[in-house]
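Q: Please take a close look at a single part of this model: the core and what surrounds it. Go step by step, for someone new to reading structures.

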Amino acid sequence: GLTPDGYPDSSAAGWDKGSIGFHADDGRLFVENGIGEEVSSPCEKGDTIGCLVENSVITFYRQRDAEFYNGDMTEEIRSVPFRFERLCPTVDMQSGGEK
């Protein structure tokens, strides 16, 4: 996800004002709230998540592990218009047992 500088460590990306985040554990996209919207299935071992910021639009992508899937493994999860200033790339690891 992307969060503003000084974002609280106790909040996941997308849960609070000025932040956005795709959560791989449940496939939900959070845009400045703690509810989120289901936009994809949960990620699996070997999947890679990325985001592109271009012209005030943030697009999240998922690259599935080629070992387990055939064909085009890149999935555009969602593009979101987002007003942002000085956002920082953010990776959260808050659930027990995540690696």
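A: Read along the sequence, the chain runs β-β-β-β-β-β-β-β. That gives eight strands and zero helices. Keep in mind that this is a predicted model. The chain has 99 residues, and 31% of them are buried.

Start with the core. The largest nonpolar core holds eleven residues. Its members are Leu 2, Ile 20, Phe 22, Leu 29, Val 39, Ile 58, Phe 60, Ile 77, Val 80, Phe 82 and Leu 87. In soluble globular proteins, nonpolar side chains tend to be buried together.

Now pick one member, Phe 82. Which residues does Phe 82 touch, leaving out those up to four places away in sequence? The list is Gly 18, Ser 19, Ile 20, Val 31, Glu 32, Ser 56, Ile 58 and Leu 87. Three of these names, Ile 20, Ile 58 and Leu 87, also belong to the core.

Next, look at the strands behind the core. S5, S6 and S7 form an open sheet, in the order S5-S6-S7, with antiparallel pairing. S5 and S7 are the edge strands, and each pairs on one side only. On average, neighbouring strands in this sheet are turned by 20 degrees against each other, direction ignored. S6 and S7 run antiparallel and are joined by seven bridges.

Move to S2 and its partner. S2 and strand S3 (residues 28-31) run antiparallel and share four bridges. Here Gly 21 stands opposite Phe 30 in S3. S2 and S3 make a hairpin with four residues between them. In that turn, Gly 27 has a positive phi of about 70 degrees. S3 also pairs with S4, in the antiparallel sense, over two bridges. The hairpin of S3 and S4 has five residues between the strands. Glu 32 there takes a positive phi near 60 degrees. Glu 32 is also one of the residues that Phe 82 touches.

How many salt bridges does the model have? The count is two. One joins the side chains of Arg 78 and Glu 37, at 3.2 Å from N to O. Arg 78 sits in strand S7 and Glu 37 in strand S4 (residues 37-38), so the pair links distant parts of the chain, 41 residues apart. Are these two partners buried, exposed or partly exposed? Arg 78 has 30% relative accessibility and counts as partly exposed. Glu 37, at 40%, also counts as partly exposed.

The other salt bridge joins the side chains of Arg 62 and Asp 47, at 2.8 Å from N to O. Arg 62 lies in strand S6, while Asp 47 lies in the loop between S4 and strand S5 (48-54). The two are 15 residues apart in sequence, so the pair ties these parts together. Now check the accessibility. Arg 62 is buried, with a relative accessible area of 0%. Asp 47 is at 16%. Buried means under 20%, so Asp 47 counts as buried too. The side chain of Arg 62 makes a further polar contact, with the side chain of Ser 40, at 2.9 Å.

One more polar residue deserves a look: Thr 3. Thr 3 lies in strand S1 (residues 2-4). Thr 3 is buried, with a relative accessible area of 5%. What does its side chain meet? A polar contact of 2.6 Å joins the side chains of Thr 3 and Thr 90. Neighbours within four places in sequence aside, Thr 3 is in contact with Ala 13, Gly 18, Ser 19, Arg 86, Leu 87, Cys 88 and Thr 90. Gly 18, Ser 19 and Leu 87 are also among the residues that Phe 82 touches.

Finally, step back to the whole chain. Take the contacts between residues at least 6 apart in sequence: 34% of them join residues at least 24 apart.

Note on methods:
Residues numbered from 1 in each chain as written. Predicted model: local features only at pLDDT ≥ 70, side-chain atom pairs only at ≥ 80, totals over all residues. Heavy atoms only, no water. Core = buried A, V, L, I, M, F, W, Y, C linked by side-chain atoms within 4.5 Å. Buried < 20%, exposed > 50% of the residue type's maximum accessible area, 1.4 Å probe, protein only. Contact = heavy atoms within 4.5 Å. Salt bridge = Lys/Arg side-chain N within 4 Å of Asp/Glu carboxyl O. Polar contact = N/O pair within 3.5 Å; in protein donor to acceptor, adjacent residues only side chain to side chain. Pairing = 2+ DSSP bridges. Axes fitted to C-alpha atoms, helices over the stretch in contact; angles between N-to-C directions.
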